[in-house]
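Welcome, and thanks for taking a look at this one. Please have your viewer open as you read the notes below.

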Amino acid sequence: MAALNYLAPRMGTRADRLIGDDTERWTRLDADLHLAAGRFDQAVEAFHTLASREADPVRRGELLLGAGEAAVRARRPEEAASVLQEARRLLGKAGRTADVRRVVYWQSAVHDALDDPAEATRMLRDLLADGPAEGDDPGFEVRVRIAIAQQEYNHGSVERARLYLEEATDRANTLDTRRRASFFDTLAKVRSAAGDYEAAIRAGTEALTLLREVGYEVQEASMENDMAMTLAAMGNFDRAEALARQAIATLERLEVWADLGHAVDTLAAIRLDRDDPAGALGLSDRALAIEAEHGPANEQVGARITRAKALEALGRTEDAEAAWAHAIGVARSIPSAVRRRRILAARAHQLAAQGRHAEAYELLAGAG
């Protein structure tokens, strides 16, 4: 019971929900442990299996909520959307207000993943406006503020992200270890985007410490990659490269392909900053090969930018122009305005550096 009392709040539930006389309860514990340990694909399968043989509508709703959360975390938003909708219907019909609020929280993440950030933010702000409900998880309101900050950061509103994080700071100590790590992770990103690199490193170090405590290796590797980028921006290339290589080794072992591609591109960008365009080219090509083999399509935006810059640095002007043309074609085809602007802004900067200001202006004007 001591172990269950420790684990339950860290899995967003209560100990009494995890125990009982029937073996189904222990199977549910397995599913929750998969989710808490970051084994999201296994958690999705476990929750779906349990839900498929659950007749009680409330328990089925709880299981579908678990499946929906796991699917969001596994980057399967389309699947999560339908699962969460059914969970919301079942739990709403039963008057489970706190659980419905959790469903809405994860539905907002689905909207954000499907490039509907305005609706995602609206849903989260509505949760704040509604105020706490009886049965809300400890720290739920803080988590909502952190989620809004993450969305504001992802879509270019660094100052608004900072505001929501400041509102959450005093109550962040009410969160469990994993969620405190998420808070410091977001704080590090926002501070880095604002140019406050020293503070970003402090927040990132705190996030890494917490992630290592709970054994979230994928998130730890992602944080190492973020810190590598911040350290590179500070000119600390040795430490940046060491962290990037550490992230790559973990993600290779765990076979988390999209994140691996991003970490490989981070190392490529560092090699480019260290005047090694040939090394940068090889690494960016590797990131794109990972995308081609494992997907998702057009995921490696940074690698396309790095590759074009590396070709230019190598004096391969025609190849560089072709790489930029391909990158811009990808930018025009992807729905995410943030990722589209990233490519177009990088190309505009290169054009301006070459004195091609009219072309640069035209690109930025159409960034959308």
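Please keep in mind that the model is predicted.

**Nonpolar cores**
- The largest nonpolar core has 80 residues, and Leu84 and Tyr105 touch the most other members.
- Apart from that core lies another one of 23 residues, including Val301, Ile334, Leu344 and Ala360.
- Beyond its neighbours within four places in sequence, Leu84 is in contact with Leu65, Gly68, Glu69, Val72, Val103, Trp106, Gln107 and Val110.

**Aromatic cluster**
- There are 3 aromatic pairs in the structure.
- One of them is edge-to-face: Tyr105 and Trp106 are 5.1 Å apart centre to centre, with 85 degrees between the planes.
- Tyr105 and Trp106 are both buried.
- Tyr105 also pairs with Phe140, and this pair is tilted because the planes are at 55 degrees, with ring centres 5.9 Å apart.
- Tyr105 belongs to helix H7 (residues 97-113) and Phe140 to helix H9 (residues 140-154), so their pair ties together parts 35 residues apart in sequence.
- Phe140 counts as buried, at 2% relative accessibility, and Tyr105 does too, at 12%.
- Through ring pairs, Tyr105, Trp106 and Phe140 are linked into a cluster.
- Over the ring of Tyr105 sits the charged end of Arg143, 4.9 Å from the ring centre.

**A buried arginine**
- Arg304, in helix H17 (residues 301-313), has a relative accessible area of 7% and is therefore buried.
- Its side chain makes a polar contact of 2.8 Å with the side chain of Glu291.
- Leaving aside neighbours within four places in sequence, Arg304 is in contact with residues including Leu288, Asn298, His326 and Val330.

Definitions and conventions. Residues numbered from 1 in each chain as written. Predicted model: local features only at pLDDT ≥ 70, side-chain atom pairs only at ≥ 80, totals over all residues. Heavy atoms only, no water. Core = buried A, V, L, I, M, F, W, Y, C linked by side-chain atoms within 4.5 Å. Buried < 20%, exposed > 50% of the residue type's maximum accessible area, 1.4 Å probe, protein only. Contact = heavy atoms within 4.5 Å. Helix = DSSP H or I, 4+ residues; strand = E, 2+ residues; numbered from the N terminus. Polar contact = N/O pair within 3.5 Å; in protein donor to acceptor, adjacent residues only side chain to side chain. Phe/Tyr/Trp six-rings, centres within 6.5 Å; stacked < 30°, edge-to-face > 60°. Lys NZ or Arg CZ within 6 Å of the ring centre and 35° of its normal.
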